[in-house]
There are 2 protein chains.
Amino acid sequence: MSLPHAILTSLAERPGSGSELARRFDRSIGHFWQATHQQIYRELARLEASAWVEATAVEGAPGRKRRYRILPAGRQELERWTGAALAPPAIRDELMVRLRAAGEVDPGDLTHELDRLLNHHRAQLATYEAVRERDFPHPPASRTGLLQLLVLDEGIAFERQRIAFCEAALALLRNP
Amino acid sequence: MSLPHAILTSLAERPGSGSELARRFDRSIGHFWQATHQQIYRELARLEASAWVEATAVEGAPGRKRRYRILPAGRQELERWTGAALAPPAIRDELMVRLRAAGEVDPGDLTHELDRLLNHHRAQLATYEAVRERDFPHPPASRTGLLQLLVLDEGIAFERQRIAFCEAALALLRNP
DNA sequence: TCGCCTTATGCAACCACTTGCATATCCGAA
DNA sequence: TTCGGATATGCAAGTGGTTGCATAAGGCGA
């Protein structure tokens with residue numbers, strides 16, 4: 001389970017409040033490890049109880065805003081986890097199940113759904129490419145930057161592969 | 001949630017018992033939607049309660065073996081689901097989080113874990129390629145076969161991408 | 001025939017995630 | 001000045017997935 005360490009990583013990159021983290025997840029790390037704001041708040045409470053992060057109330061902000069910062073023990077935990085045993089990814093790909101099902105029964109409106117999915121992946125690809133142009137106009141010099149770019153490029157490769165796959169599936173379903 | 005429909009699809013392809021389904025998942029559909037035998041048995045009980053599958057006891061077998069078969073109502077449900085709204089995949093990729101973390105702290109033994117992961121993906125690729133040679137020596141003629149091959153080839157493309165990515169990450173972590 | 005191994009099925013507890021809703025606080029507009 | 005909207009945090013119930021263990025039945029060797 002990676003959520004606590006995804007949050008620790010995000011806080012190591014930059015301190016922030018729960019809602020800021022939720023927005024950061026939507027734009028950055030969350031592209032690889034999604035989390036709702038409820039998950040993030042609950043996990044922040046646990047991280048604080050473990051003394052891996054500390055929080056200070058932010059005055060003059062709406063709600064009861066608290067700013068979280070990673071503590072040395074949290075950085076140490078993140079380091080331990082980074083080198084710990086890494087399980088192969090648990091694949092849960094509904095699209096593949098659908099297509100296997102479409103081989104057994106009438107696919108119905110599946111082509112319409114594939115079209116919607118294709119649009120989603122094209123939009124996601126455009127997002128990644130915009131981030132790449134904005135954040136990495138030149139090859140980064142630091143190891144941190146190189147690793148961030150590597151991960152971003154994997155996202156781009158994934159979306160491209162997905163787009164090609166949706167197109168192939170649509171071609172197959174449309175031409176009997 | 002796709003597990004009930006993954007099971008219905010598998011039973012539509014061929015009837016079988018819970019343990020046979022569990023083995024089939026390990027080799028086939030489970031490459032895209034993993035499930036333990038406990039999940040499968042629980043789900044089979046629900047599918048039976050919904051009258052989407054029926055079971056008959058198998059005599060002369062160890063345990064209390066029961067053979068499941070999809071019913072017309074189950075096939076109808078599978079058809080409904082095939083055309084239903086399809087959500088974009090929920091990505092949860094621990095490897096990407098690790099690499100972002102490795103940009104913030106000392107990566108420790110991460111290269112060793114990446115080596116193990118690389119071996120896993122190479123083995124998985126070899127498995128897929130063996131299945132492809134065995135099951136699809138010639139291009140399939142049926143729509144069912146074409147869809148199965150499409151899904152299999154996506155698995156192959158995924159493993160290749162993953163192998164290239166692990167190699168790139170290793171090169172980056174080893175050459176500072 | 002007794003005990004053990006294997007196959008097959010299943011229960012129960014736990015944990016993470018999802019969803020819907022509730023509360024707190026600030027700010028600006030009526 | 002108070003009321004509604006936006007921001008921020010949080011609770012609680014329901015669901016799916018994981019893990020450890022339990023039970024049932026056939027087969028086989030001592």
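**Close-up views of a predicted two-chain model with DNA**

**View 1. DNA strand D and the residues around it.** In this view, 23 residues surround DNA strand D, and the closest are S17(A), G18(A), S19(A), P62(A) and G63(A). Here a residue is near a molecule or strand if its C-beta atom, placed from the backbone, lies within 6 Å of it. Helices (H or I, at least four residues) and strands (E, at least two) are DSSP runs, numbered from the N terminus. With four residues, α3(A) gives this surface its largest share. By type, the residues near DNA strand D are eight nonpolar, eleven polar and four charged.

Residues are numbered from 1 along each chain as its sequence is written, and chains are lettered from A and ligands numbered from 1 in the order in which they are written.

**View 2. DNA strand C and the residues around it.** Around DNA strand C there are 24 residues, and the closest are P62(A), S17(B), G18(B), S19(B) and G63(B). α3 of chain A, along with α2 (18-27) and α3 of chain B, each supply at least two residues of this surface. The largest share near DNA strand C, four residues, is the work of α3(B). The residues here split into nine nonpolar, eleven polar and four charged.

**View 3. How chains A and B are related.**

**View 4. Where chain B meets chain A.** Here 59 residues of chain B are in contact with 59 residues of chain A; two residues are in contact if their C-beta atoms, placed from the backbone, lie within 7 Å. On the chain B side, α1 (3-13), α4 (72-82), α5 (94-102), α6 (110-135) and α7 (143-174) each supply at least two residues. α7(B) brings the largest share of that side, 14 residues. The side of chain B that touches chain A has 32 nonpolar, 13 polar and 14 charged residues.

**View 5. Helix α1 of chain B.** Eight of the eleven residues of α1(B) are buried, so this helix is largely enclosed by the rest of the structure. The buried ones are H5(B), A6(B), I7(B), L8(B), T9(B), S10(B), L11(B) and A12(B). A residue is buried if 20 or more other C-beta atoms lie within 10 Å of its own, exposed if 12 or fewer, and partly exposed in between, with C-beta atoms placed from the backbone.

**View 6. The two domains of chain A.** Chain A is divided into domain 1 (3-83) and domain 2 (94-174), with bounds from an automatic or database domain assignment. Their C-alpha centres lie 28 Å apart. For residues 7-79 of chain A, UniProt lists "domain: Transcription regulator PadR N-terminal" (unreviewed entry). That span, residues 7-79, is 52% helix and 16% strand. UniProt positions are given in the numbering used here, feature names are shortened, and annotations may be inferred rather than shown by experiment.

**View 7. E79(A), reaching chain B.** E79(A) sits in helix α4 (residues 72-82) of chain A. With 19 C-beta neighbours inside 10 Å, E79(A) counts as partly exposed. Leaving aside neighbours within four places in sequence, E79(A) is in contact with V105(B), D106(B) and G108(B).

Technical notes: This is a predicted model: local features need pLDDT of at least 70, side-chain atom pairs count only at pLDDT 80 or more; totals for chains, interfaces and linings use all residues. Ala, Val, Leu, Ile, Met, Phe, Trp, Tyr, Cys and Pro count as nonpolar, Asp, Glu, Lys and Arg as charged, and the others, Gly among them, as polar.
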